[in-house]
Amino acid sequence: MSRRLSLPAASPVTVTLSPGRGGGGSPGDGVVRRGSALTSPVPRHSIGSSSSTATLQVSPVRRSGGSRYLGASRDADASAEFVHYTVHIPPTPDRNAASTDAPPPPVAASEEDRPQRSHVSATIFTGGLNCATRGHVLSSSVDGGGARPAASLNMCCKMRGCDMPAFLDAGRPPCDCGFMICQECYMDCLAAAAGNGNCPGCKEAYSAGSDTDDADSADEDEDVSSSEERDQMPMTSMAKQRFSMVHSIKMPTPSGNGKPGEFDHARWLFETKGTYGYGNALWPKNNGHGAAAAGATSGFVGIEEPPNFGARCRRPLTRKTSVSQAILSPYRMLIAIRLVALGFFLAWRIRHPNPEAMWLWALSVTCEVWFALSWLLDSLPKLCPVTRACDLAVLADRFESPNARNPKGRSDLPGIDVFVSTADPDKEPPLVTANTVLSILAADYPVEKLACYVSDDGGALLSFEALAETASFARVWVPFCRKHGVEPRSPEAYFGQKRDFLKNKVRLDFVRERRKVKREYDEFKVRVNSLPEAIRRRSDAYNAGEELRARRRQQEDAMAAAGASLGTTVRLEETAAVKATWMSDGSQWPGTWLAGAPDHSRGDHAGIIQAMLAPPTSEPVLGGEPGELIDTTGVDIRLPMLVYVSREKRPGYDHNKKAGAMNALVRTSAIMSNGPFILNLDCDHYVHNSAALREGMCFMLDRGGDRVCYVQFPQRFEGIDPNDRYANHNLVFFDVAMRAMDGLQGPMYVGTGCVFRRTALYGFSPPRATEHHGWLGRRKIKLFLRRKPTMGKKTDRENNNEHEVMLPPIEDDDHNQLGDIESSALMPKRFGGSATFVSSIPVAEYQGRLLQDMPGVHHGRPAGALAVPREPLDADTVSEAIGVISCFYEDKTEWGRRIGWIYGSVTEDVVTGYRMHNRGWRSVYCAATTARRDAFRGTAPINLTDRLHQVLRWATGSVEIFFSRNNAIFASPRMKLLQRVAYFNVGMYPFTSVFLLVYCVLPAVSLFTGKFIVSHLNATFLVFLLVITITLCLLALLEIKWSGITLHEWWRNEQFWVIGGTSAHPAAVLQGLLKVVAGVDISFTLTSKPGGADDGDDDSFAELYEVRWSFLMVPPVTIMMVNALAMAVATARTLYSEFPQWSKLLGGAFFSFWVLCHLYPFAKGLLGRRGRVPTIVFVWSGLICMILSLLWVYISPPAGVREGIGGFSFP
């Protein structure tokens, strides 16, 4: 069996490969010894009869460039036969280059020196400002479980029912497969088959070198002493599959000059019946790790031509397809036609004013010019929409199949750290967060490469204990998902779906096990729902006990004081009892208490880190133990690491809301797991497609993926009413605008469902960038921020590798590159004082690189570099993580200004994505999935008030962006022109609401006054209006065609654009101006998340019909009332007029009807389920209508009414 040789760079290691017995080794002995020889575990065959030993000594050499070379040297024995070659081992994060004069590390640590993972997972770590970091060992570990106490240690016997320490022979297990077994079980296996027992792990016979008795090994060596006898020794099937089966031969006699003679390839092929293969090795059939095919006719039995590894490297992981030209060309042509029509229309409107109502004409023309500009900014980025798809089969073949550098076929995929953020368990139910976490733990991604971090910004004990219950239920849910391949892997969504769950299920035990897991999930929900009451009762009981003990101590002190004062009366002072919140083990909760107290309130508590699930082992752990809820025989029961994090909060510090919490998770994860990629999810967005993480990796690891800063997935929602009254799906944005931006420089970041490259979050620049100069950015300048390797001599390439920069250069705010020395000096200033965190940055950058054997990749990593186990998690690591989540860590650093999520805006997501694009990074939009399933699904507010407040928060953030340095006007040349237009439109669209308000009132004013925006309706005006309307409708149809949305969804989006533009957007403009001009801070409340649909269909959309008063409702209601009243007044006046002017009535009535149609969903929402509208809505709306009517009467009194006689006048 193949074994990865761990060669620490701190000491020279001599490794000797011997084809025969000698040098202190025996055939079959594959033990790595320091200072001794390493003999091959596979006996080699030789043509000649000579048994002389051919040795190859390999020594690591320290190079200044960071690379390590193993050079072959001649043995002292001149008669030895050898092959002259050089092996190059590049540096990897787990094998860094170091000086050779350092003392060698010990071969094997004792059991006491090994870090105990179970202790870490059972300990809650706290710390912060002016307090020491403490580790409190809980009485009952969440990570543990009595069934398998030593499973996480990976150093105990893996035989069923045995937990004895593993038996190691010179630092390695008895079998080459690495199966841990104790000495007693090992002797039982040998005794069961008369000394030739099979390994329980690989089912192969134990090799001769596995015996512990050296004398027995020597006896076996004597039995096989000659090369002829060794030729007849059969190889195990595992050795045939994973080792080179090219038999050793004797080299011809050296010539007189001391050089070996010419190798006779024909003789070698004839006598060994060998074939040429990859690396002069025979390749077994079935992709290198299956059984030999029967009936093979050529070469060895079961041997075929090796796979074409070059073709494997060239197969793309992703593909990009443009929209069909049959749709895109007419779409672009219609945009040009409408643009020309708008230009002629506005020119005609300006040249033909209305002398009877100049003010009405001026207002209308101003609004129309602004609307034309807004439409142009919205349409230009939609000229190049694209569609992307990925190939998961190529990803598995490239990163998870056996190859020369990864013979075991371990996963070579990079690690992913998943962030889940929550802040208030009252508005974000813990059961919703639990379902999100369960879907992450059950995702289809290598278990050892996945880690989940839950940020509880409120520090609530309810969230902590709910997460502990989630970790316990995950031991049942995750194996069930892996065994039966269920989708989706959120239990609430899976058990609540209304479709045939037996479709494509063939296992006979599926129904029975599904019923058991469903019952277990129901009990889990009951336990989580009962946690608030349980915590309250427990805290009351402990507080009562503490109060009684305090009174008893107070009475004893009083009695002692009275005895000392000889009968004088001592008055007892009543002390207020502290109402603490208590954990289940009888200790006080270090976070927020139910009754706020100093150091235990929402804005004042210590930092907390708890590893709910310890990091898993690198080898699969198969279930099948008796007593389990479901049969997990043959199922990997490992779980990804799960960590609870609550950052420290203290008064007087700005904690920066969600952005600050996400940056705290970035630093914590860098120290504990350091995955090179980060996926962030809201607490109500669960993984709907278990392969979504793999799809994101396809874009990151494909050719050109080193320039991708993040992969954005579309937001999909469930629990929305079938009519989508308030356009909660927002498909026009996610399926039209985002796909169009994907054809430019990439979509913007929308806050959730996004896979980040960690180094991009750290503020580094991409390896390559393009600057756009000249008119419309037509002149492009390529920037290579990393030095290309020299294409000259080999020595030149080696010297160039010595000076290779591992990280992209750090740039200042003006995009000027800093030198290596200056960058190194600024690292602590930029990232903080944690040396562990700073040292993790180059490791994350290296692990996120592309494979170096891909075409066009100059700075990649070798294949198999990440197929190594992670370092165990110890208490020192968690203590360091406590320090980086303190409230003062970000002081005098660039966190929030250049690094991580950017501070200073309500919409920190858009600003963070803009900064990355401004540095030259690209992003990718992954809308189409391979399984035709949404990657993530979440919930959206279906209540009108909640929806308006959500839009208000987004619009306010856009206004902040417009008045800041993040405005796209100040973008760098590395951002494309149309990408600038898209970002500029993001900051400008709220200001359209001011003109929309005016334009919605103009039809009513026109009907009241009897005047129109034009002097008379002539043919020119109607033709222009007709062309503009028809082109708009055709553009909408083509957008529907290439985006895949429906006409109903497009119309809902248009309706809510008017609703939001007349309610939330004007308020956002006002708040943004107050913040910019007067410095008034803006605060928002969290959007309430529904706790899940009820069993009854009648109450599933109960929130849709709830009417909650908000001042945002006043402007739309006023507009509706004014337009309805104006239509009635104008109709009556025209009918009873001696000279009716039907053209003006039709013109004003058409625009008023257009306004009312767009506001219809708003009116329907105000009526509620039973038609009840809050009285305050009518009061405010009626008052505003009266004021506007009186103001109009004062400005334009009716004809025939003299001032002061029978008329109304203001004092």
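**Chat about the model**

Modeller: Start with residues 1017-1038: the chain there is 91% helix and 0% strand, and the end C-alpha atoms are 31 Å apart. Helices (H or I, at least four residues) and strands (E, at least two) are DSSP runs, numbered from the N terminus. This is a predicted model, where local features need pLDDT of at least 70, side-chain atom pairs count only at pLDDT 80 or more, and totals for chains, interfaces and linings use all residues. Residues are numbered from 1 along each chain as its sequence is written, and side-chain values use heavy atoms, with hydrogens and water left out.

Colleague: Where does UniProt place the feature "transmembrane region"?

Modeller: The unreviewed UniProt entry gives residues 982-1005, 1017-1038, 1109-1130, 1142-1163 and 1175-1195. UniProt positions are in the numbering used here, feature names are shortened, and annotations may be inferred rather than shown by experiment.

Colleague: What is the chain like over residues 1142-1163?

Modeller: Residues 1142-1163 are 95% helix and 0% strand, with the end C-alpha atoms 29 Å apart.

Colleague: Now W1057. Which helix is that in?

Modeller: W1057 belongs to helix α29, residues 1047-1062. Its relative accessible area is 37%, so W1057 counts as partly exposed (buried is under 20%, exposed over 50%, partly exposed in between, with a 1.4 Å probe and protein chains only).

Colleague: And which residues does W1057 touch?

Modeller: T992 and L996, leaving aside residues up to four places away in sequence; contact means heavy atoms within 4.5 Å. W1057 and H1158 are 101 residues apart in sequence, and their C-alpha atoms are 8.5 Å apart in space.

Colleague: Changing topic: is strand β15 buried or exposed?

Modeller: Buried. Seven of the seven residues of β15 (607-613) are buried, so the strand is largely enclosed by the rest of the structure.

Colleague: Which strands does β15 pair with?

Modeller: β5 (residues 123-128) runs antiparallel to β15, joined by four bridges, and T126 stands opposite I608. Strand β16 (residues 641-646) is also antiparallel to β15, over five bridges, with Y644 as the bridge partner of Q610. Two strands pair if DSSP finds at least two bridges between them.

Colleague: What order do the strands take in the open sheet with β18?

Modeller: The order is β18-β25-β20, with mixed pairing. β18 (686-687) and β20 (716-717) are at the edges with a single partner strand each, so one side of each has no neighbour in the sheet.

Colleague: How do β18 and β25 pair?

Modeller: β18 and β25 (residues 936-938) are antiparallel, over two bridges, and Y686 stands opposite R937.
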